[in-house]
Each structure stands twice: as structure tokens, then as C-alpha cells.
Amino acid sequence: MLLTCSAYSHAMIVVYPDVWFETNGAGSGFKLIEDVKCFDTKTGKCANLADLSYVKLDVLRPATPPPPSRILNSIQRHIALRYPSLIEFIPLLLPLRPFPGISRRLVSLLSGKSADVGGYCSQMICQILRDLYGKSVGGPDDHISPGIFRKRLLKSGTATKVSCFSAEPLENWTESHQL
């Protein structure tokens, strides 16, 4: 959170309500979220019930959610990649944000990035969404912090928040298989 200057320090993509895709210090891969249930409420909003260990969590749903098969196709090139070195995070540093060209040159000069290294979490999710929708909310090379990524998705109207609870569903909720 110190590096991202935000309450948000991580980004993942939901393939199915109980299968999420992420990259972290161990590299990129799928994460099983146990005991998760999704609901469509009568108000048109979506809700997610799960016992998640995250301190602060927002789940965003695209305005037009793609089918899981399209998500999996877009994820394919990101599977089993190593996590990038700290050098890759240079464009996120607050003093360098106004100078994306300089930070990109610093990254390319300092990193000998190999083919088996992927992007950091929000960069990877931004690339996956660009593959799915044909546009990016990130900057060049999709360098974007999780907090700014969240803010841009909400501001652009391409995503809405899904309520996340650790409680029982209300009577007027209908179980859904799409988050």
C-alpha cells in the first residue's frame, strides 16, 4: 500500500465466482475462493457472499461481462509467469507519475525482462481487460496502480461495484453464476 499510495494494493480478475486469477510474489495463477455465492438482487445490483481475508476489498463488475471462455482466452498468455522485479514498479512511484516516458525508459534500461516474467497485478489485469474490450484505462505499457485502476474503471462507467458481504443473503436475492 505504501508503493501504490492507496488503500488498494492488489488486483485480481474473477473468472467464475469461486475461481479468481492473480499474480503475486509467487507468480501468476488461479486462486480458489471457497464458499463464495453470488446473487442478483431485485434492485439490479449484484452481491457477493464470501469469507475473504482481505482488509479492504472492492469487486467491480464490467457493464457487459464477457463469458468465462473469453476471459480464459485473454488470461492464457499470462498463466504461470514469474512476478516482476521491483524495477518494474518505477512508473508507479509518485514523483515519476507525471513523467511516464522517463519512467518507461528507466524500466527498460534497468530491467533485462525475460519472456517468463509477467506484469504486476494491476498491470496484468489492465492488459487482460484491454484484450477483452479493445481499450485500456492504463497508461503506456498498462502501468497503473490498483487504486488508480479502480478509480478509472468506476469513472469511465465500464464497471460497477459489487457488494461484498460475510453474511446470509436477503430473501429477495436470486443466486447467480456470474460475478
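The structure is a predicted model, in which local features need pLDDT of at least 70 and side-chain atom pairs count only at pLDDT 80 or more, while totals for chains, interfaces and linings use all residues. Residues are numbered from 1 along each chain as its sequence is written, and side-chain values use heavy atoms, with hydrogens and water left out.

The secondary structure of the protein chain amounts to four helices and eight strands, where helices (H or I, at least four residues) and strands (E, at least two) are DSSP runs numbered from the N terminus. Read from the N terminus, the order of elements is β-β-β-β-β-β-α-α-α-α-β-β. Of the 179 residues of the chain, 41% are counted as buried, a term that denotes under 20% relative accessible area, with exposed denoting over 50% and partly exposed the range in between (1.4 Å probe, protein chains only). The chain exposes about 10200 Å², of which carbon and sulfur atoms supply 57%; accessible areas were computed by the Shrake-Rupley method with a 1.4 Å probe, and for residues only the protein chains shown count as cover. Among contacts (heavy atoms within 4.5 Å) between residues at least 6 apart in sequence, 63% join residues at least 24 apart.

Two packed helices are described by the angle between their axes and the distance between the axes. Here the axes are lines fitted to C-alpha atoms, for helices over the stretch in contact, and angles between N-to-C directions run from 0 to 180 degrees. For helix H1 (residues 68-75) and helix H3 (residues 121-133), the axes come within 9 Å and cross at roughly 125 degrees, which makes H1 oblique to H3; angles under 35 degrees count as roughly parallel, over 145 as roughly antiparallel, 65 to 115 as roughly perpendicular and the rest as oblique. Arg70, Ile71, Ser74 and Ile75 of H1 form this contact with Ile128, Asp131 and Leu132 of H3, and by class the contact comprises four nonpolar, one polar and two charged residues. In this classification, Ala, Val, Leu, Ile, Met, Phe, Trp, Tyr, Cys and Pro count as nonpolar, Asp, Glu, Lys and Arg as charged, and the others, Gly among them, as polar.

H3 also packs with helix H4 (residues 146-156), at an angle of about 30 degrees and with the axes 9 Å apart, and these two helices are therefore roughly parallel to each other. The contact is made by Cys121, Ser122, Ile125, Cys126 and Leu129 of H3 and by Pro146, Phe149 and Leu153 of H4, a set that divides into seven nonpolar residues, one polar and no charged.

Leu132, which is found in helix H3, is buried, with a relative accessible area of 7%. Leaving aside neighbours within four places in sequence, Leu132 is in contact with Pro66, Arg70, Ile71 and Ser74. Leu132 and Asn73 are 59 residues apart in sequence, and their C-alpha atoms lie 8.9 Å apart in space.

Thr23, in strand E2 (residues 19-24), is likewise buried, at a relative accessible area of 1%. Beyond its neighbours within four places in sequence, Thr23 is in contact with His10, Ser28, Tyr83, Gly119, Tyr120, Cys121 and Met124. Thr64, by contrast, lies in the loop between strand E6 (59-62) and H1 and counts as exposed at 55% relative accessibility; its C-alpha atom is 8.4 Å from that of Ala159, a residue 95 places apart from Thr64 in sequence.
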